[in-house]
Amino acid sequence: MKALHRLTRRNVVGGIAASATALTFPHVARAQSAARVTVIGGGFGGATCARALKHIDPKLDVTLIEPNRTFTACPFSNEVIAGLRDLAAQQFGYDRIAGEGVRVVAQMAAKIDPSARTVTLADGASLGYDRLVLSPGIDLRFDALPGYDEAASVKMPHAWKAGEQTTLLRKQLEAMDDGGVVALAVPANPSRCPPAPYERASLIAHYLTTKKPRSKVLILDAKDGFSQQRLFERAWKELYPGMIERISLSQGGRVTAVDPATNTLVTEFGDHVAQVANVIPPQKAGRIADLAGATDNTGWCPIDPVTFASKLVPDIHVIGDACLGGGIPKSASAANAQGNACAAAVANLISGKTPDMPKLTGVCYNIVAPGYAFSLAGFYAPKDSIFAEVEGGGTSPVDAPRELRAREMENARRWFTTITVDSFG
Ligand SMILES: Cc1cc2nc3c(=O)[nH]c(=O)nc-3n(C[C@H](O)[C@H](O)[C@H](O)COP(=O)(O)OP(=O)(O)OC[C@H]3O[C@@H](n4cnc5c(N)ncnc54)[C@H](O)[C@@H]3O)c2cc1C
């Protein structure tokens with residue numbers, strides 16, 4: 001094991017860098033010092049949790065491990081794909097979090113030893129923890145769809161992790177001739193943000209309507225029904241008549257293989273050649289969760305909904321997309337709410353108090369055109385050892401005047417500002 005002094009100034013973005021050496025002391029010698037909470041993953045769940053831990057108890061020794069110095073957010077990235085927004089508006093740094101006293105380590109966590117309670121970083125250095133929070137988001141299952149691997153994603157982008165892939169899909173749309181077919185392969189649930197493929201299809205249709213009106217959007221779907229379906233279908237009829245075609249699971253829409261050489265998507269009922277193919281493959285929890293032993297045979301992490309404690313590994317908590325959240329859809333909204341609730345539970349456990357029963361709120365906005373959005377709000381609480389939806393939520397009405405859709409668009413923008421401030425400071 002390499003020594004901890006390898007946590008150099010270069011990869012410690014901020015926070016209490018000098019105290020990194022304190023981590024070299026064995027557990028016994030630390031009996032009187034602050035409890036160490038390490039958070040892996042600086043996205044919506046992890047960044048929120050690290051900040052909240054420090055706010056709840058400034059004495060806690062909090063470390064956030066995240067390899068990227070800039071986080072690129074997925075919510076609103078469909079607007080980037082449609083040419084309505086710059087990717088820069090999606091990007092957030094970690095300086096504010098570091099300024100609040102969280103030690104931010106710009107590295108990948110490579111290994112976890114739950115019995116020794118250590119995390120090994122990509123450069124071989126090792127960090128001890130008292131409690132560990134995992135929020136690594138998703139990994140794409142490159143083994144799940146014949147023909148679709150990492151190399152294929154350069155030809156047929158998924159754009160399901162925002163950044164280069166988002167830009168790639170945007171560029172392909174710009175380069176496409178008018179009259180082309182843009183195909184989206186949509187996976188079954190559970191997956192990251194279930195309504196986002198339909199939001200994407202809508203915004204791509206907006207781009208095509210304005211720039212390449214003879215083109216088509218083809219949704220090849222591994223599901224029969226989807227979230228807010230009636231609202232989407234109503235909007236498509238109104239805004240993009242004849243432009244979006246969806247083939248559902250029972251109509252043979254599930255993509256079973258792809259051929260990147262010819263941009264072909266194979267379904268049980270025939271092949272579809274697309275000019276632009278956006279292939280969103282099945283997903284699983286980020287790999288580090290698997291390496292920690294926190295995933296079950298679904299590929300996701302079962303948790304106790306009161307404390308977010310892993311049901312499989314002691315002293316490890318899992319939040320965000322990686323956890324099996326029961327009725328909670330995998331969303332930034334949920335990851336942020338879980339990050340705050342998990343911080344409170346971990347702080348209580350450390351100080352010997354009983355954790356409160358969390359009640360989480362999630363809201364999801366879908367944008368189908370500039371100035372046209374609708375939403376779904378939900379409340380969730382622990383029930384029968386998972387999260388279940390409780391009363392109080394609701395969705396936008398199917399019949400509504402355009403002013404309401406425009407107001408929801410404004411609410412969506414406010415939501416994005418609020419959640420990114422709460423997550424990244
Ligand atoms: C197109 C699209 C649109 C969306 N729109 C919305 C929306 O409108 N509203 C909404 O609520 N949600 C939306 N989402 C969903 C949302 O982006 C995710 O649910 C949310 O990001 C999950 O948060 P997380 O913390 O679990 O994962 P992430 O935010 O993905 O963060 C995970 C972080 O962990 C890091 N990481 C992974 N492995 C390691 C490791 N080994 N060591 C260190 N760090 C690691 C990664 O680098 C990453 O920064 C959308 C998603 C997509 C794809």
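Reply: Let me begin with the cysteines, for which one cut-off is needed: a disulfide is a pair of cysteine sulfur atoms within 2.5 Å. By this rule the count in this predicted model comes to 0 disulfides. Cys323 is in no disulfide, and the nearest cysteine sulfur, that of Cys301, is 7.6 Å away. Cys323 is also buried, with a relative accessible area of 2%. For Cys342, the closest cysteine sulfur is in Cys49, at 4.3 Å, which is too far for a bond. Cys342 is buried as well, and its relative accessible area is 0%.

Now to the sheet you asked about. It is an open sheet of 4 strands, with the order S14-S13-S12-S18 and parallel pairing. Its edge strands are S14 (244-247) and S18 (276-279), and each of them pairs on one side only. From one strand to the next, the twist averages 15°.

Let us walk across the pairings. Strand S13 (residues 216-221) runs parallel to S14, and 4 bridges join the two. Helix H5 (residues 164-175) touches strand S12 (181-186) and S18, and the direction of H5 makes about 155° with that of S18. Helix H6 (residues 196-211) touches S12, S13, S14 and S18, and its direction makes about 165° with that of S13.

S12 and S13 also run parallel, joined by 6 bridges. Here a handy pair to look for is Val181 and its bridge partner in S13, Lys216. How enclosed is S12? Of its 6 residues, 5 are buried, so S12 is largely enclosed by the rest of the structure.

H1 covers residues 44-56 and includes Ala52. Ala52 counts as buried because its relative accessibility is 10%, and the cut-off for buried is under 20%. Leaving aside neighbours within four places in sequence, Ala52 is in contact with Asn340 and Ala343. Thr262 lies 210 residues from Ala52 along the chain, and the C-alpha atoms of the two are separated by 48 Å.

H1 also packs against helix H10 (residues 402-424), at an angle of about 55° and with the axes 7 Å apart. At that angle, H1 and H10 are therefore oblique to each other. On the H1 side, the contact is made by Phe44, Ala47, Thr48 and Arg51. On the H10 side, it is made by Ile419, Thr420, Val421, Asp422, Ser423 and Phe424.

Finally, how far can you trust what you see? The protein chain averages a pLDDT of 93, and 92% of the residues score at least 70. Over residues 1-11, however, pLDDT stays under 50, and the model has 27 contacts beyond four places in sequence for this stretch. Residues 13-31 also have a pLDDT below 50, with 34 contacts in the model beyond near neighbours in sequence. Where pLDDT is low, the predicted coordinates should not be read in detail.

Key:
Residues numbered from 1 in each chain as written. Predicted model: local features only at pLDDT ≥ 70, side-chain atom pairs only at ≥ 80, totals over all residues. Heavy atoms only, no water. Pairing = 2+ DSSP bridges. Axes fitted to C-alpha atoms, helices over the stretch in contact; angles between N-to-C directions. Contact = heavy atoms within 4.5 Å. Buried < 20%, exposed > 50% of the residue type's maximum accessible area, 1.4 Å probe, protein only. pLDDT = per-residue confidence, 0-100. Parallel < 35°, antiparallel > 145°, perpendicular 65-115°, else oblique.
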